[in-house]
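Reader: I have a model open and I want to learn how to read it. Can we take it feature by feature?

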Amino acid sequence: MIKDFNYYAPTRVVFGRESENEIGRLVVDNGGRRVLLHYGGGSAERSGLLDVVRQQLRQAGVSFCELGGVVPNPLLSKVQEGIDLCRREAVDFILAVGGGSVIDSAKAIGYGVPYDGDVWDFWDSKAVPQACLPIGVVLTIPAAGSEMSSSCVITKDEGMFKRGINSDLCRCRFVVMNPERTYTLPPFQTAAGATDIMMHTMERYFSKYEDMTITDAISEALLRTVKDTALALLQAPTDYRLRAQIMWAGSLAHNDLTECGTEKDFGTHRLEHELSSLFGVTHGAGLAALWPSWARYVMSRHLSRFVQFAVNVMGVTNDFAHPEETAERGIRAMEEFYHKIGMPTNIPELIGHKLTDEEINIMVDKCSRGGTITVGAMEVLDTAAMRAVYTLANN
């Protein structure tokens, strides 16, 4: 069966060395006259990238104000600060310099500026976005894929509720990608990014719609490429070719290309949101800690897909007489890959201790919004299933 789809990926990609030289023109071409320059910690400043961006804006005759300080798992309080600044300065364009956290913060600010109510209404299912300021991106961390996606994930400081919404209104007008800007990423950040990229693909690949073979082939090629490249980058972190593969894969993994004719599940993502909001862990590492347990929990009911993954992605020899063993070997091969790149494969490896029953209950309650929603699509997870996956990952 093939799912009907409507594919929309309007973001202009400017990729390559010295691509930053296009920033001023791109902002002006997209109507930017008064820009919010939005970024995270000090790395963009220390590397000199922010100075390049500022110079580009000045040369293009664009005025700008700045807001830094975005943290991983971006916070609602910073979004609210950005909304107030944009209104005060009459900002008409937001330029995000950073990775997924900065981009998502920029998107949330873009939603909030034209909205009369509390911007959290959108994540609390009390309202639907009707407008968004235009956004451009200078990407420095390939991982989240937010530069070409319709998604935006924000954490509410009070209660640490981490939630995501989707709307085409927030799709970025352009993204500037220079792989050289990722040379200094630490090995852990590179590995976590590769894990997130692969998971964005896998959460679409593991679908109840299994007949769109061209989409499967794209997904499998992307997964193999990222897996091999991530391993090679551990030995050659400044290899332009390797960095370019990862950077482009990050966008392809989350611009819905690998969802054409399938249906995204994102159960593991939803479970991980509660893990990272409670413990502040890196998102990609949290995904690695949960996926093997999710896979084993659902595998027997979707055996053919796990066999295909094991053979076509992980290079496992197909034991036609024992498909369960082939599928399990594929999961074990993924765990071995995670360990090779320094990622955890369970929660104790991730946070250094086992979860308490109370912590599991808190995550289940938040993930299910008090038992009012389920997550997942190929395998729908209710509160009992959420608890089962967390418990498996806790061992």
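Reader: Start with strand 8. Which residue stands opposite Phe174 there?

Author: Gly136 does. Keep in mind that this is a predicted model. To read a strand, look at its partners, then at its side chains. Strand 8 covers residues 174-177. Strand 5, residues 135-139, runs parallel to strand 8, and four bridges join the two.

Reader: What does strand 1 do with strand 8?

Author: Strand 1, residues 12-15, is joined to strand 8 by four bridges. These two run parallel. Phe15 stands opposite Met177 of strand 8.

Reader: Now the side chains. Which way do the residues of strand 8 point?

Author: Phe174 and Val176 point one way. Val175 and Met177 point the other way. All of them are buried.

Reader: On to helices. How do I read a buried face?

Author: Begin with the general idea. An α-helix has 3.6 residues a turn, so residues three or four places apart point the same way. Then list the buried residues. In helix 15, residues 383-393, they are Ala385, Met386, Val389, Tyr390 and Ala393. Seen down the axis of helix 15, these fall within an arc of 135°, so they line one face of the helix.

Reader: What covers the buried residues of helix 15?

Author: The cover includes helix 9 (267-279), helix 10 (283-298), helix 13 (347-351) and helix 14 (357-367).

Reader: Take helix 14, then. Which of its residues are buried?

Author: Glu359, Ile360, Met363, Val364, Lys366 and Cys367 are buried in helix 14. Their cover includes strand 7 (161-166), helix 9 and helix 15. Arg369 follows helix 14 and has a positive phi, near 50°.

Reader: Where do Glu18 and Phe266 lie?

Author: Both places are loops. Glu18 is in the loop between strand 1 and helix 1 (23-29). Phe266 lies in the loop between helix 8 and helix 9.

Reader: Is Glu18 buried or exposed? And Phe266, buried or exposed?

Author: Buried means under 20%, and exposed means over 50%. Glu18 has 55%, so it counts as exposed. Phe266 has 15%, so it counts as buried.

Reader: How do I read contacts between residues that are separated in sequence?

Author: Leave aside neighbours within four places, then see what remains. Beyond its sequence neighbours, Thr258 is in contact with Thr201, Arg204, Thr215, Ile218, Ser219, Leu252 and Ala253.

Reader: How many residues lie between Thr258 and Thr201 along the chain, and what separates their C-alpha atoms?

Author: They are 57 residues apart along the chain. Their C-alpha atoms are separated by 6.5 Å.

Reader: What is Ser219 in contact with?

Author: Setting aside neighbours within four places in sequence, Ser219 is in contact with Thr201, Tyr205 and Thr258. Ser219 belongs to helix 7, residues 213-233. At 1% relative accessibility, Ser219 counts as buried.

Reader: Which helix gives the most to the lining of the largest cavity?

Author: Helix 6 does, with three residues. Helix 6 (187-205) and helix 8 (240-253) each supply at least two residues of that lining.

Reader: And pockets? What is the volume of the second largest pocket?

Author: The second largest pocket has a volume of about 270 Å³. Its lining has 16 residues, and Phe5, Asn6, Tyr7, Asp256 and Glu259 lie nearest its centre.

Technical notes. Residues numbered from 1 in each chain as written. Predicted model: local features only at pLDDT ≥ 70, side-chain atom pairs only at ≥ 80, totals over all residues. Heavy atoms only, no water. Buried < 20%, exposed > 50% of the residue type's maximum accessible area, 1.4 Å probe, protein only. Pairing = 2+ DSSP bridges. 1 Å grid on protein atoms, 1.4 Å probe; cavity = no way out; pocket = protein on both sides within 12 Å on 5 of 7 lines; lining within 4 Å. Points joined across faces, edges and corners; volume = space filled by probe spheres on them. Arc of directions from axis to C-beta. Contact = heavy atoms within 4.5 Å.
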